[in-house]
Structures are given as structure tokens and as C-alpha cells.
Amino acid sequence: MWNKTKSLLLSRILTWIATFIVAVLTFFVPRFSEWYDKSFSHDYGFFAESSVMIPMCIVLYVCEVFAFAVLYSLHVLLANINREQVFVEQNTLCLRRISWACMFAGIAFSVLGLWRFVFLLAGFLAVMFGLIMRVLKNVFEKAVEIKSENDFTV
């Protein structure tokens, strides 16, 4: 029978798997960028005539830093939920970190969009996800505030 404990365990396992995958992909960024530039890339962008390999490597490495920040925040968030600490200030901080990391990754992909317009879509999606996380952060922040008030009145 599926329950919330198993669901939380699955989330934690998937977060660890994602962390491992991002760490392994670090070693393949140059090869992936070269493959994209030579085999798959279309010349649509302001700098379309130039190679996208170097800018893509830079953006992907920068975005990996943001990905590790997001994954670390998810680990902390899931560990807190596992300890039954849901509406605490630390979780709000984790959601804030996730939202900013997504926003910055979106900006980085938008810069890459100068070479290939398709990356503007990735940048837009990352910024939108960051905005959604920002709204969730605000909801959590309000819930932490209400919980804190309730704890003082009891």
C-alpha cells in the first residue's frame, strides 16, 4: 500500500539519483556541447554564424552550480519534512534558494539564447518555474508566520 512515508522516501531517492546524474554529466558538458553545435544546432540567433560550443559549456557549467544548489535545498527540505518539521523558517529559506537558482539559470539560458533562439524557451521556462517556486515560498512564509502565532497563543 502506498503511503506518505513511501512517497517521501521515493522523493529522497529520486533527489539522490538526480544529484548523481548532475555530477556525472559534469564530465560530459564539452562533448555534449560539441555534439549539439555540430549535429543538431540550427543557425537561428543573433550570433548564429559563430559556434555555440564555448558559450554553451560556460552556461551549462554555471547552471550546474545552480542545479547543485537546488538539489541541496531539496535534500534539506525533504529531511525536514521527514523529521515532521514542515512549517519552519529553514524550509522557507530552501524554497527561496530554489526560486533564485531557477531564476538565475533562466537568465543564463536566456544569454545563451543570443547564439541559438531555442535556449530562450529554456530560459523562459526556468524563470517561470522560479516564479512558481517564489509564490510557494511566499505561501510557506505565511504558513510559518501563522504557525508561530498559534504556537505563542497556546
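Before reading any angle, I noted that axes are lines fitted to C-alpha atoms, for helices over the stretch in contact, and that angles run from 0 to 180 degrees between N-to-C directions. I also kept in mind that this is a predicted model.

Entry on helix 1 and helix 3. I looked up helix 1 (residues 4-25) and helix 3 (residues 53-82), and found that their axes come within 10 Å and cross at roughly 160°. Since angles over 145 degrees count as roughly antiparallel, helix 1 is therefore roughly antiparallel to helix 3. The crossing of these two helices is left-handed. On the helix 1 side I listed the residues that meet helix 3, among them Leu-8, Trp-16 and Val-22, while the helix 3 side includes Phe-68, Leu-71 and Leu-78. Sorted by kind, the residues of this contact are 13 nonpolar, five polar and two charged.

Entry on Leu-8. I then followed Leu-8, which lies in helix 1, and noted that Leu-8 counts as buried because its relative accessibility is 14%, where buried means under 20%. Leaving aside residues up to four places away in sequence, Leu-8 touches Leu-78, Ile-81 and Asn-82. From Leu-8 to Lys-38 I counted 30 residues in sequence, and the C-alpha atoms of the two are 42 Å apart in space.

Entry on helix 5. For helix 5 (residues 118-153), I checked the length: at 1.5 Å a residue its 36 residues should span 52 Å, and its end C-alpha atoms are 54 Å apart, which agrees. Its buried residues include Phe-119, Met-133, Lys-137 and Phe-140, and the buried residues of helix 5 pack against helix 2 (29-40), helix 3 and helix 4 (89-112).

Technical notes. Residues numbered from 1 in each chain as written. Predicted model: local features only at pLDDT ≥ 70, side-chain atom pairs only at ≥ 80, totals over all residues. Heavy atoms only, no water. Helix = DSSP H or I, 4+ residues; strand = E, 2+ residues; numbered from the N terminus. Parallel < 35°, antiparallel > 145°, perpendicular 65-115°, else oblique. Left-handed = near helix turned anticlockwise from the far one by under 90°. Contact = heavy atoms within 4.5 Å. Nonpolar A, V, L, I, M, F, W, Y, C, P; charged D, E, K, R; others polar. Expected span 1.5 Å × (residues − 1). Buried < 20%, exposed > 50% of the residue type's maximum accessible area, 1.4 Å probe, protein only.
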